[in-house]
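Colleague: I am new to this structure and would like to learn how to read it. Could you walk me through its features?

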Amino acid sequence: MKFFVDTAEIDAIKELHALGMVDGVTTNPSLIAKSGRDILEVTKEICDIVSGPVSAEVVALDADTMLAEGRKLAKIADNIAVKVPLTWAGLQTCKALSDEGTMVNVTLCFSANQALLAAKAGATFISPFIGRLDDINIDGLELIEDIRTIYDNYGFDTQILAASIRSANHMSECAKIGADVATAPPGVIKAMANHVLTDKGLAGFMADVEKAGIKIL
């Protein structure tokens, strides 16, 4: 499973990228606003760091303006994936951009039917939002499983990009189900390294090191 980091914070991307933990980056208007940077400027900087897909989202709601915005974003770098919402206008934009050879990430997916439409429209990625479904007592992981089944049934090339990841458990469950990609905040990716027994074992080792006076350097 590929890891995308869901942030527009350059330092966080650089840190994870140095460890080989970043296969791509996803951004959205909220993350751009949080960074306090100009969308074109910060997106270009991210593309210069990461060779994999970098999702940059349109902000228009009608298809004509979405398409114009998408074409402008696509000119930033060759690894841009234009991010569009899963609306009818978004699907129209997805089809047009995909036909032009631009990667498209269709976001805000909350049903298998929506995912099926996105695949038919030529989406490179479909982004089902796990956490937001969990928030309303619907199993977000079950949606990933349903999409995986549908895409495998018909050989769709669209990659399942699990989004709205809230925990390390979400990451491992997505990997078991067969999501192609999971995008998560830096803190969630780092939390995957944590385990209480690792901490306990390390504490025991360090106690023995101190007791025995063991030194390497």
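**Reading the contacts**

Modeller: Let's begin with charges: the structure holds ten salt bridges. A salt bridge is a side-chain nitrogen of Lys or Arg within 4 Å of a carboxyl oxygen of Asp or Glu. This is a predicted model, in which local features need pLDDT of at least 70 and side-chain atom pairs count only at pLDDT 80 or more, while totals for chains, interfaces and linings use all residues. Residues are numbered from 1 along each chain as its sequence is written, and side-chain values use heavy atoms, with hydrogens and water left out.

Colleague: Which residue forms a salt bridge with E15?

Modeller: The partner of E15 is K190, with the closest N and O atoms 3.0 Å apart. This pair links distant parts of the chain, 175 residues apart: E15 sits in helix α1 (residues 10-18) and K190 in helix α10 (residues 186-191). Helices (H or I, at least four residues) and strands (E, at least two) are DSSP runs, numbered from the N terminus.

Colleague: How far apart in helix α9 are K176 and E173?

Modeller: They are three residues apart in helix α9 (residues 168-177), so about one helical turn separates them. K176 is exposed, at 62% relative accessibility, whereas E173 is partly exposed, at 22%.

Colleague: And how do I read aromatic rings?

Modeller: A pair of aromatic rings is described by the distance of the centres and the angle of the planes. Rings of Phe, Tyr and Trp (its six-membered ring) pair if their centres lie within 6.5 Å; planes under 30 degrees apart count as stacked, over 60 as edge-to-face and the rest as tilted. Here there are four aromatic pairs. The rings of F4 and F125 have centres 5.7 Å apart and planes at 75°, so this pair is edge-to-face. F4 belongs to strand β1 (residues 2-6) and F125 to strand β6 (residues 125-128), 121 residues apart. Both F4 and F125 are buried.

Colleague: Which residues do ring pairs link into a cluster?

Modeller: Those are Y151, Y154 and F156.

Notes. Buried < 20%, exposed > 50% of the residue type's maximum accessible area, 1.4 Å probe, protein only.
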